[in-house]
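Let's take a walk through a protein model together. Keep the structure open beside you and look up each place as we get to it.

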Amino acid sequence: MGKLALAAIVSSWVVPITIMVNRIVTEPYMDEIFHIPQAQQYCKGNFGSWDPMITTPPGLYYLSLAHIASLFPGLYCVEAASSFLDVCSASILRSINGFLAITCSIIIYDIIIHLKPTLGDRKAMLHAVVLSLYPLHWFFTFLYYTDVASVTAVLAMYLASLKKNYWLSALVGAFAVVVRQTNIIWVLFVACIGIIDISLMRRKGNAKTAKSDVSVEHDFTHVIGTKGLNLKRRKSAKTVNTSEYSLPRINASSPSFSSDLFDEIWTVLLTIWHMKLELLISFSPYLMVLIAFLLFVYWNGSIVLGAKEAHAVSPHFAQMLYFGLVSVLAQAPMHFTFTHAVDMFQSFWRSRPLSYIQMFLALIAGILSVHFFSVAHPYLLADNRHYPFYLWRKVIMAHWSIRYLLVPVYTYSWLSIIHMLGKVRSKLWILAYFLATAAVLVPAPLIEFRYYTIPFYFLVLHCNIRDDPHWLLTGMLYLGVNIFTMLMFLFRPFHWDHEPGIQRFIW
């Protein structure tokens, strides 16, 4: 019942706004001028045709064909179209993202239920609705872009992995890569955290077994007395010496049991060594996807398909700083609270002086990133239809000092993210997440907030924030942003002097 209600709630805004967008924006806009004609070529059966300006694989077009094929019998009966090509209009092609947005909300709900089984259906539905309103995901639901399909495929892959269905997970992950090639990073990330979770759960099981043995020994003392206890201890010591422990024996009450990074790395390495055959069988599908991807890159000569000069890989480390700030602002009611600030301060105070050294190094890394590794892509500087254009010119480049004054804000953002994740996830999980996010964002020279959507979802799904007021405030924030951006897109068009046609503001 919860999934049906969730689908109805999401449909209540997807359907009317889709109709409104299609009535006002009748012609393909922005990247749609490449995607829609290419999809229409596929509708003709011309699979050998390819627009050299398209950078992503044809996964969205294949999905669109399946979507249209499912609609075509009904459309044909009412004579709404005379051929398969006629139904490949901009409005019909855009509708696939509306369907995917509803599907994605259900996947998000299932992930929340799996990760937080004690949360309850009502709260899980609230979280899923709010996350479905996330502005970057919400806005591109109504245009024929690859973003919604990419997010849906990646989250479906992750859900299958959580359910230990690794073959299905890898199959969906392969399709996610066919939608957007950078999703190979998330395929590897899902496989990596699957191994991490298996390793740490195995260690936890060993710790519980050891603790149970101590408990049995304690109860035995009350039965047989001190002499029997000494005999029991000698037998227990003998058992420990002759047993084969595949994982290190760790004191479960020690803080390092759940938080020490090097200990977690050592645990995972030992697990991989002792369970190499089992892990190879379970996770080999992901390896097959990786090998296929590497063969594609070798054949293509690049990770991107078209417009290779405009999307050349460049070390854009400042991108990570922007992502941290955007993600924290997108969760402002959760990150910018007095309670959270006090909690962070107490955590840093308990870990001093190491925490202060880490903060100092983070500030230095941030300064070096904005000074040496800030990339101003020509598209960013020239295209005033995108919001990052105004943020770059009016905020970051308003004065030479602004970019450096923002570094403490970037640093706080990442420290807040790590602190929040650290309450529920292991340090190795956080490291894997950070590296995966960096692998996706750092090579991208163009500042595009929609690139942040997948790492943002992985972040917020694993933050154990259960307070309804925080989620309600976040939902209101998303609603406000969505209303503003859609009104600007639909009702504040403008014209360029050097180019005909209507221009619209977009993320």
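What follows goes from a pair of helices to salt bridges, then to a loop and a surface patch.

A few ground rules come before the tour. This is a predicted model, so local features need pLDDT of at least 70 and side-chain atom pairs count only at pLDDT 80 or more, while totals for chains, interfaces and linings use all residues. Residues are numbered from 1 along each chain as its sequence is written, and side-chain values use heavy atoms, with hydrogens and water left out.

Start with helix 1 (residues 2-24) and helix 5 (residues 121-132), whose axes come within 11 Å and cross at roughly 25 degrees. Helices here are DSSP runs of H or I with at least four residues, numbered from the N terminus. Axes are lines fitted to C-alpha atoms over the stretch in contact, and angles run from 0 to 180 degrees between N-to-C directions. Since angles under 35 degrees count as roughly parallel, helix 1 and helix 5 are therefore roughly parallel to each other.

Now for the salt bridges (a side-chain nitrogen of Lys or Arg within 4 Å of a carboxyl oxygen of Asp or Glu). The count comes to 10 salt bridges. One of them joins D147 and R450, with the closest N and O atoms 2.9 Å apart. That pair ties together distant parts of the chain, 303 residues apart: D147 sits in helix 7 (residues 147-162), and R450 in the loop between helix 21 (427-441) and helix 22 (453-461). Buried or exposed, what is D147? D147 is buried, at 5% relative accessible area, and R450 counts as buried too, at 10%. Buried means under 20% relative accessible area, exposed means over 50%, and partly exposed is in between (1.4 Å probe, protein chains only).

R450 also meets E448 in a salt bridge (3.4 Å, N to O). Shared partners join D31, D147, R180, E448 and R450 into one network.

Elsewhere, D343 and K423 form a salt bridge at 2.7 Å, N to O. D343 counts as partly exposed at 22% relative accessibility, whereas K423 counts as exposed at 53%.

Next, find M275 in the loop between helix 11 (261-274) and helix 12 (276-300). M275 is buried, with a relative accessible area of 16%. M275 and S199 are 76 residues apart in sequence, yet 9.5 Å apart in space, C-alpha to C-alpha.

Last stop: L368, which lies in helix 16 (residues 354-372). L368 is partly exposed, at 42% relative accessible area.

How values were computed
Helix = DSSP H or I, 4+ residues; strand = E, 2+ residues; numbered from the N terminus. Parallel < 35°, antiparallel > 145°, perpendicular 65-115°, else oblique.
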